[in-house]
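Me: Please show me one part of this protein up close. I would like to know how it sits in the whole chain.

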Amino acid sequence: MGSLCSLTFQIKRQLPELLTPAKPTPQEKKLLSEIDIQEGLRFQTPFILSYKNDNPSMKQKDPVEVIRDALRRALVYYYPFAGRVRKGSNGKLLVDCNGEGIVFIEADADVTLEQLGDSLQPPCSFLEDFLFDVPGSDDILGTPLLLLQVTRLRCGGFIFALRINHTMSDAVSLSQFLNAVGEMAQGADEPTVQPVWERGLLDARDPPQVTCTHHEYGKETESHRGSVVATMEQPDLVQRCVYFGPKELMATRAHLSPSLSSTCSTFELITACMWKCRTLSLELDPKEVVRISLVVNARGKKNNLTVPVGFYGNAIGFPGVVTTAEILCKQPLGYAVELVKEAKGKMNKEYIQSCADLMAIRGWPPLTLAGNNFILSDNTRTGVGEVDFGWGRPVVAGPAKSVNLISFYVRDNNQKEKYGILVPICLPFSCVDRFEQELRSLLS
């Protein structure tokens, strides 16, 4: 039973099933990269996508059957997803490509997309309804790497929800796989982009040498005091979501100097705003060190890291910067923007290589919580919002919620405004009112 205020609906699920590749696939073991297996990526990430049934040629087709079949055929090419992550003899994680399969759930809900409204936006109010947490399926080792549920809705539309083991892929790589499934669903015999493993490209050098400063992992003495993964079940955290449309962006940009405003990206602006408001709401000791880490895509010529087309691993880093609570809170917003720019500008081939070397030396440490580390990831350009199974682009698409200290930026496709971004955030319950007050002050 799902419920939100006056909205209630019934949902009927079939028993979970294991989907295996449609044809025999290689039985082998594949090593993950140093970047893949860091403690900060050893968690499950939920995504949710909603679709209308507006395509006349698809009106009579069942999305459950179409997507189930397409997944099985796509797994022939992406067969490691049908395997299990295990720990090797040296402690490094690998994928046992045994073809055991991914978890798939068929469901029906007595509700329409119109009735659901904004409830599908992060943090999704009905995530547990549209993505059943199969008992025993959420461990990182020895469990299915993908959990998917396709739910037919009364209006003819459907919800496609999934959970992925982050050691396998980042959001860009996930969208590559989902687009392959979309192509198969529309009749393709094979993916346009052929998958490429090559995780060794992001392994440590021999010998490893840390050449950059990595604030995101903290000092070696503090790396295990607390981590993002270690606080997944922190009880006092609550989810909130902030909307930034043209009006909000204009109000925030007005706090910057003309020169900085003209060079500041939307991501940098929102990130600086969220970081400052969050820090103010926490009411920290003025001398306490605070830090921010950005999830930055290392791919492309700009960062000088060339991974082959089709690569579907993690090619991301978490470059960070530090300051003190007093300086961040007292300085104008432009100070935070400059720090965000500094963190973002650190990403290049040498930085991600230095990160891989650090992983090998320190044993894949977690992202530190020291300095109230605030981690942000821009998911508006990953390609997840373009995934088409034959019914067109999704109405809502992206991570279903913030994962504790990690906030994901999601494009808002529901608004009539040309451009809107949703930012889910986790906050201690006692800080929510202060956060909203600081945000209103900055946007006024």
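Reply: Start with the whole. A compact globule of 444 residues would have a radius of gyration near 22 Å (taken over C-alpha atoms; the rule is 2.2 Å times the number of residues to the power 0.38). The protein chain has 22 Å, which agrees. This is a predicted model: local features need pLDDT of at least 70, side-chain atom pairs count only at pLDDT 80 or more, and totals for chains, interfaces and linings use all residues. Residues are numbered from 1 along each chain as its sequence is written, and side-chain values use heavy atoms, without hydrogens and water.

The chain has eleven helices and 19 strands (DSSP runs: H or I, at least four residues; E, at least two). Now zoom in on helix α1.

Look at the N-terminal end of α1. Asp62 caps it. A side-chain oxygen of Asp62 lies 3.0 Å from the backbone nitrogen of Val64.

Which residues of α1 are buried? They are Pro63, Val64, Val66, Ile67, Arg68, Ala70, Leu71, Ala74, Leu75 and Val76 (buried: under 20% relative accessible area, 1.4 Å probe, protein chains only). These buried residues pack against strands β4 (17-19), β9 (102-109), β10 (146-153) and β11 (158-165), and against helix α4 (171-185).

Phe160 touches Ile67, and its other partners include Phe47, Leu148 and Phe389 (touching: heavy atoms within 4.5 Å). In the chain as a whole, 58% of the 444 residues count as buried.

Definitions and conventions: Buried < 20%, exposed > 50% of the residue type's maximum accessible area, 1.4 Å probe, protein only. Polar contact = N/O pair within 3.5 Å; in protein donor to acceptor, adjacent residues only side chain to side chain. Lists of a residue's contacts leave out its neighbours within four places in sequence.
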